[in-house]
Amino acid sequence: MTATTTEFVPVWRPDYDARVARLKAQYEAIPQGQPIRLAKPTSNLFRQRAATDAPGLDVSSFDGVLEVDPIARTAEVQGMTTYEHLVEATLPYGLAPLCVPQLKTITLGGAVTGLGIESTSFRDGLPHESVLEMDILTGDGRVLTVTGAEDDPHRDLFYAFPNSYGTLGYALRLKIELEPVTPYVHLTHVRFDSAKDMTAAIVDIMATGEWEGETVDYLDGTVFSPEEQYLTLGRKVMDRRGSTPSDYTGMDIYYRSIQEKQTDLLTTHDYLWRWDTDWFWCSRAFGTQKPAIRRFWPKDKLRSDVYWKLIAWDRRTKFSTKMDKIRRRPAREEVVQDIEVPVDRLTEFLDFFHTEVGIEPIWVCPLKQRDPGVRWPLYEFDPEVTYVNVGF
Ligand SMILES: Cc1cc2nc3c(=O)[nH]c(=O)nc-3n(C[C@H](O)[C@H](O)[C@H](O)COP(=O)(O)OP(=O)(O)OC[C@H]3O[C@@H](n4cnc5c(N)ncnc54)[C@H](O)[C@@H]3O)c2cc1C
């Protein structure tokens with residue numbers, strides 16, 4: 001008698017392999033010496049890239065979730081899958097990625113190689129810290145499957161990938177961990193009159209996972225001025241307890257609600273995208289926060305990728321630059337920047353920022369490395385230290 005062993009092949013595998021083969025063929029057709037670029041329909045890079053005639057790699061077919069395993073709480077996801085599509089696939093199972101960056105068109109591959117952060121980062125770190133395995137198209141045209149396992153010959157590539165911004169290769173498939181979520185998130189906006197008090201509260205919540213006896217599942221903050229800052233504490237809840245969930249995708253604006261309400265309730269879906277509708281507060285540059293304009297602005301066009309298109313148009317036509325010249329205003333540069341500050345220097349940094357820069361509001365989001373035993377060489381943290389991401 002002969003025993004045969006058949007290897008288990010997931011249903012998505014043949015189609016995915018065919019897409020990889022087509023991408024490799026595209027790669028091989030790029031003339032020697034030409035730069036390799038991604039041709040993605042969306043981007044969240046603020047800096048303009050140098051123009052090139054070389055055709056980019058068409059990776060549009062790599063936007064899609066291959067499989068959600070609700071028992072193992074993992075997902076097999078293609079590298080160019082936007083978080084909007086990723087969450088759409090996981091929420092019906094009551095699951096979500098451990099860290100969902102706030103903008104809908106950020107892709108999983110982009111967030112792992114280019115970093116992302118959210119209000120779960122104080123407990124579960126950044127998106128790359130819940131990746132289990134990746135397929136990476138490398139600069140020499142191979143597709144390598146990499147993990148962090150001791151015996152994986154390519155584990156260096158796995159660990160160096162975060163913060164490499166595509167220079168080490170492109171992630172085509174990622175297996176990620178998921179966590180259970182509830183239908184709703186209950187929010188408490190706690191006001192602090194000084195950065196010092198807010199910092200002390202962050203330290204306390206990081207140590208206990210609680211605030212005034214209630215569990216904190218989500219944590220971020222908004223600084224409106226040196227005297228007015230809020231931590232928003234989110235708690236996973238199963239039911240509405242008689243409240244109607246708020247809707248910030250229409251006339252109401254989420255960041256303003258932080259100053260107006262002490263508590264709030266959102267569906268988990270709307271909580272995850274609370275910052276996308278008005279691109280934090282940046283939509284005000286397009287007038288969409290003025291009621292007279294917002295009323296007529298299509299609801300489905302209140303999204304960060306629409307604002308990106310407006311910025312691209314402005315850059316192409318130099319409309320703002322011309323207007324500034326007519327109004328005799330000095331030339332301006334748009335800056336969107338995040339930095340990470342050790343929590344014990346947050347007060348000092350915010351004092352400096354208010355005095356020297358003066359941009360408001362400011363977003364703050366605490367984070368800590370999820371696994372203190374791991375080293376991410378291109379994005380190294382002291383694993384014992386809490387940092388606070390400051391975005392402006
Ligand atoms: C205005 C602005 C706001 C932001 N807001 C947030 C935020 O709210 N939350 C947050 O977490 N982060 C935010 N970010 C950071 C963002 O997560 C990173 O810039 C991320 O890399 C963007 O992902 P993307 O998919 O849009 O990638 P892109 O912008 O398309 O590309 C970013 C870089 O990653 C590379 N890259 C893209 N996909 C892959 C891949 N599959 N494999 C390898 N390399 C790849 C590209 O070559 C490029 O170098 C913001 C950035 C900006 C500029």
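In the predicted model, R73 is found in the loop that connects strand 3 (65-69) with strand 4 (74-78). The phi angle of R73 is near 55 degrees, a positive value in a residue other than glycine. Most residues other than glycine have a negative phi. R73 counts as partly exposed because 16 C-beta neighbours lie inside 10 Å, a number between the limits of 12 or fewer for exposed residues and 20 or more for buried ones. A positive phi, of about 50 degrees, is also present in W279, again not a glycine, and the place of W279 is in the loop between helix 8 (268-272) and helix 9 (291-294). W279 has 22 other C-beta atoms within 10 Å and is therefore classed as buried.

A further backbone feature concerns the peptide bond from E360 to P361, which is cis, with omega near -5 degrees. Most peptide bonds are trans. P361 lies in the loop between helix 12 (346-356) and strand 16.

The domain assignment of the protein gives domain 1, made up of 13-42 and 58-180, and domain 2, made up of 184-302 and 335-391. The centres of domain 1 and domain 2, taken over C-alpha atoms, are separated by 26 Å, and 22 residues of domain 1 are in contact with 24 residues of domain 2. On the side of domain 1 that touches domain 2, the elements that give two or more residues are helix 4 (121-124) and helix 5 (155-160), and helix 4 gives the most, with three residues. By class, this side of domain 1 has 11 nonpolar, eight polar and three charged residues.

An open sheet of seven strands, with antiparallel pairing, has the order 14-9-13-12-16-17-15. The edges of this sheet are formed by strand 14 (263-267) and strand 15 (338-342), each of which pairs on one side only. Neighbouring strands of the sheet are turned by 25 degrees against each other on average, when direction is ignored. Within the sheet, strand 12 (residues 218-225) and strand 13 (residues 228-237) pair in the antiparallel sense over seven bridges, and T222 stands opposite Y230 in strand 13. Helix 6 (residues 195-208) packs on the sheet, where helix 6 touches strand 9 (184-192), strand 12, strand 13, strand 16 (362-367) and strand 17 (387-391). The direction of helix 6 makes about 25 degrees with that of strand 13.

Key
Residues numbered from 1 in each chain as written. Predicted model: local features only at pLDDT ≥ 70, side-chain atom pairs only at ≥ 80, totals over all residues. Pairing = 2+ DSSP bridges. Helix = DSSP H or I, 4+ residues; strand = E, 2+ residues; numbered from the N terminus. Axes fitted to C-alpha atoms, helices over the stretch in contact; angles between N-to-C directions. Contact = placed C-beta atoms within 7 Å. Domains from an automatic or database assignment. Nonpolar A, V, L, I, M, F, W, Y, C, P; charged D, E, K, R; others polar.
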